[in-house]
Amino acid sequence: MKQCRYILVFSLLLFGGCKKELSLEEAQSLYREKNYSEAYAAFLQLQKKSDDPLVLAYLGVMLSEGQGVASEPHKGNKFLQKAAEENQPEAQYHLAEQYADGKGVVKDERRAFYWYRKAAENGVSQAQYNLAVCYRSGQGTNINPEEALFWLRKAADNGLLEAKLLLSELYINGNTVDQDVSKGLMLLEEAAQENHAAAMVILARHYFSGNNTTRNPEKGLALLCAAVEKNNSDAQFILGVMYLSGNEVAADRKEGLRLLMLSAMQKNPKALILLGLIGESRDAVENAENLFEQAKKIVNDDEEFNRLHDDYKKLIAPKGTKRTTRKKDPTEP
């Protein structure tokens with residue numbers, strides 16, 4: 001009987017005591033499903049068999065971000081460095097991010113630029129966009145508008161919405177590129193159709209103001225509402241102002257204040273200032289000062305804070321007070 005028990009225990013250890021080793025595809029599937037603990041264990045098992053650069057990249061990211069394991073950016077950096085040197089594109093991008101942010105390594109803009117460039121050349125669209133930003137601002141390299149435009153176009157062609165947004169601004173304003181308003185608006189439309197909330201807000205501004213396109217308040221309002229649904233704080237602020245002023249929509253103070261509160265909860269300094277002024281007008285001075293202080297910290301520019309404060313004070317001026325001529329664009333107080 002004792003011998004039977006030993007045989008049973010041995011059988012369990014041999015056939016049932018070890019977890020099935022997962023394939024790379026199965027480990028990736030677990031990661032996509034955000035089952036990080038099991039994914040990390042699977043990648044770790046795979047790494048013991050082979051230093052596949054893709055496996056190393058996953059382990060590096062998960063250790064750096066604390067996905068399925070305690071966050072250890074320094075340890076993650078070692079995996080990323082090894083994979084990046086093996087020309088693994090995602091590892092190169094995440095390694096650049098670490099150097100840009102000083103996460104797990106000493107912050108180094110030149111090294112960040114180097115690895116962004118490597119990842120960009122390997123087709124990582126976010127790296128292409130970040131590389132364009134480096135060339136525009138001179139982070140880790142010399143300012144080079146031509147290179148910036150080249151990589152920005154690459155990122156936009158690869159479908160990156162942030163790149164389309166920035167490129168649209170350049171075309172509309174004729175900044176470092178020949179002005180082409182129609183192309184700029186087309187890029188904005190593309191980004192908005194792909195549910196990019198910031199693009200919706202910018203496009204709504206154009207439709208309300210009639211600048212660069214035919215004025216279309218109905219379309220502008222639809223875009224703002226869609227952006228509000230996506231919890232965009234700028235859209236919440238703009239639509240809140242519209243409801244308070246009754247501009248382009250029926251006046252609804254309750255709805256206006258609700259939207260401003262939602263925007264302020266996301267630390268939108270404009271909403272904080274406007275709510276502060278509304279509170280001040282109701283003698284809620286202490287609360288108003290608290291809101292102003294929050295806004296000042298976010299804006300971090302006294303001149304800009306004072307400009308916003310003065311603009312929004314005019315917006316809530318009592319009836320009968322002399323005010324500037326009302327603009328066609330309700331998104332600009």
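Which residues do ring pairs link into a cluster? In this predicted model, the cluster joined by ring pairs consists of Y31, Y36, F43 and Y58.

**View 1. Ring pairs connect Y31, Y36, F43 and Y58.** Searching the whole structure turns up nine aromatic pairs. One of them is the stacked pair of F43 and Y58, with 4.4 Å from centre to centre and 15 degrees between the planes.

**View 2. F43 and Y58 bring two helices together.** Here F43 sits in helix α3 (residues 36-49) and Y58 in helix α4 (residues 53-65), so their pairing ties together parts that are 15 residues apart in sequence. Both F43 and Y58 are buried.

View 3. F292 belongs to helix α17 (residues 285-299) and F305 to helix α18 (residues 302-315), so to speak two partners 13 residues apart, and the pair links distant parts of the chain. Like F292, F305 is buried.

**View 4. Q236 is a buried residue of helix α14.** The helix that holds Q236 covers residues 233-245. Why does Q236 count as buried? Its relative accessible area is 1%, and buried means under 20%. Leaving aside residues up to four places away in sequence, Q236 touches V228, N231, L259, L260, L262, S263 and Q266.

Definitions and conventions:
Residues numbered from 1 in each chain as written. Predicted model: local features only at pLDDT ≥ 70, side-chain atom pairs only at ≥ 80, totals over all residues. Heavy atoms only, no water. Helix = DSSP H or I, 4+ residues; strand = E, 2+ residues; numbered from the N terminus. Buried < 20%, exposed > 50% of the residue type's maximum accessible area, 1.4 Å probe, protein only. Contact = heavy atoms within 4.5 Å. Phe/Tyr/Trp six-rings, centres within 6.5 Å; stacked < 30°, edge-to-face > 60°.
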